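Reader: I am new to this structure. Could you take me through it in short steps?

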Amino acid sequence: MIRALYTAASGMSAQQTNLDTIANNLANSGTAGFRQRRVQFEDMIYQNLVTPGSAETQQTLSAGLQVGLGTKTAASEVIMTQGDPNNTGNPYDLEIQGAGFFQVSLPDGTIAYTRAGNFHLNSQGTIVTSAGDTILPAITIPSNATNVVISQYGVVTATLPGQTNAAQLGTIQLATFPNTGGLSSIGSNLLQQTASSGNPITDTPGGTSGIGTLQQGYLENSNVDVVAEFVQMILAQRAYESNSKVIHVADDMYSQINGLVR
């Protein structure tokens with residue numbers, strides 16, 4: 001019975017982590033470019049009461065008797081499905097259609113990556129994120145520029161005073177990874193590379209490396225499926241209740257045994 005208590009407790013702990021992840025997904029269902037996470041579970045160590053393959057007789061081998069000792073959360077994977085487009089009409093809002101991430105320069109000099117394309121201009125006219133971090137490569141829009149256009153291939157053009165043809169101001173580059181599910185979330189809609197994600201592969205939108213294209217005036221909504229998350233929440237609750245019931249039953253059995261030995 002003691003074994004059952006700890007096994008069921010491990011199931012409750014794992015489902016608590018699962019529920020925490022679901023809660024974060026639902027909380028960010030309205031966050032532009034947010035990528036939901038999914039918890040993965042694995043079973044824990046087994047106790048060999050009878051080792052599989054041991055000899056029962058001279059002619060037969062035992063199938064073994066192993067008792068599992070519970071479960072644990074093994075990983076929290078980033079899900080990279082495409083979110084729905086949202087037409088904002090803002091010329092500095094960008095949606096990535098397909099694979100890829102915007103590159104962002106953080107204050108400490110490191111590079112982060114995001115799918116949230118809700119950009120604006122800072123006081124110097126540089127395109128920055130909602131937190132004020134510069135996108136890479138840095139692109140500055142002159143204050144007297146009009147008709148700013150960002151093509152699906154990342155080329156930024158604008159009309160300058162005294163010129164009839166649009167001037168090219170720079171080209172936005174995107175990055176992708178061999179394993180995007182291995183990226184680390186650091187908050188503020190930002191991700192960073194890890195040993196699991198591999199090194200970034202940078203290219204212009206629509207390039208030969210399989211990176212997607214851009215859509216000006218649109219934002220990518222969160223890829224959280226609210227209905228599916230509610231279903232997962234109910235399943236997590238039922239699993240938690242089941243494990244709680246196991247603890248209750250094991251405790252009752254243990255209490256009866258204690259009563260017998262008095």
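Predicted model: local features only at pLDDT ≥ 70, side-chain atom pairs only at ≥ 80, totals over all residues.

Reader: How many salt bridges does the structure hold?

Author: The structure holds 5 salt bridges, a salt bridge being a side-chain nitrogen of Lys or Arg within 4 Å of a carboxyl oxygen of Asp or Glu. One of them joins Arg115 and Glu220 at 3.0 Å, N to O.

Reader: Where do Arg115 and Glu220 lie?

Author: Arg115 is in the loop between β8 (111-114) and β9 (120-121), and Glu220 is in strand β20 (residues 218-220), 105 residues apart. Strands are DSSP runs (E, at least two residues) and helices likewise (H or I, at least four), numbered from the N terminus.

Reader: Are Arg115 and Glu220 buried or exposed?

Author: Both Arg115 and Glu220 are buried. Buried means under 20% relative accessible area, exposed over 50%, and partly exposed in between (1.4 Å probe, protein chains only).

Reader: Turning to helix α2, which of its residues are buried?

Author: They are Glu229, Ala236, Asn243 and Ala250. Their cover includes α1, where contact means heavy atoms within 4.5 Å.

Reader: And how far apart are Arg238 and Glu241 in helix α2?

Author: Arg238 and Glu241 are 3 residues apart, about one helical turn. Their side chains meet in a salt bridge of 3.3 Å, N to O.

Key. Residues numbered from 1 in each chain as written. Heavy atoms only, no water.
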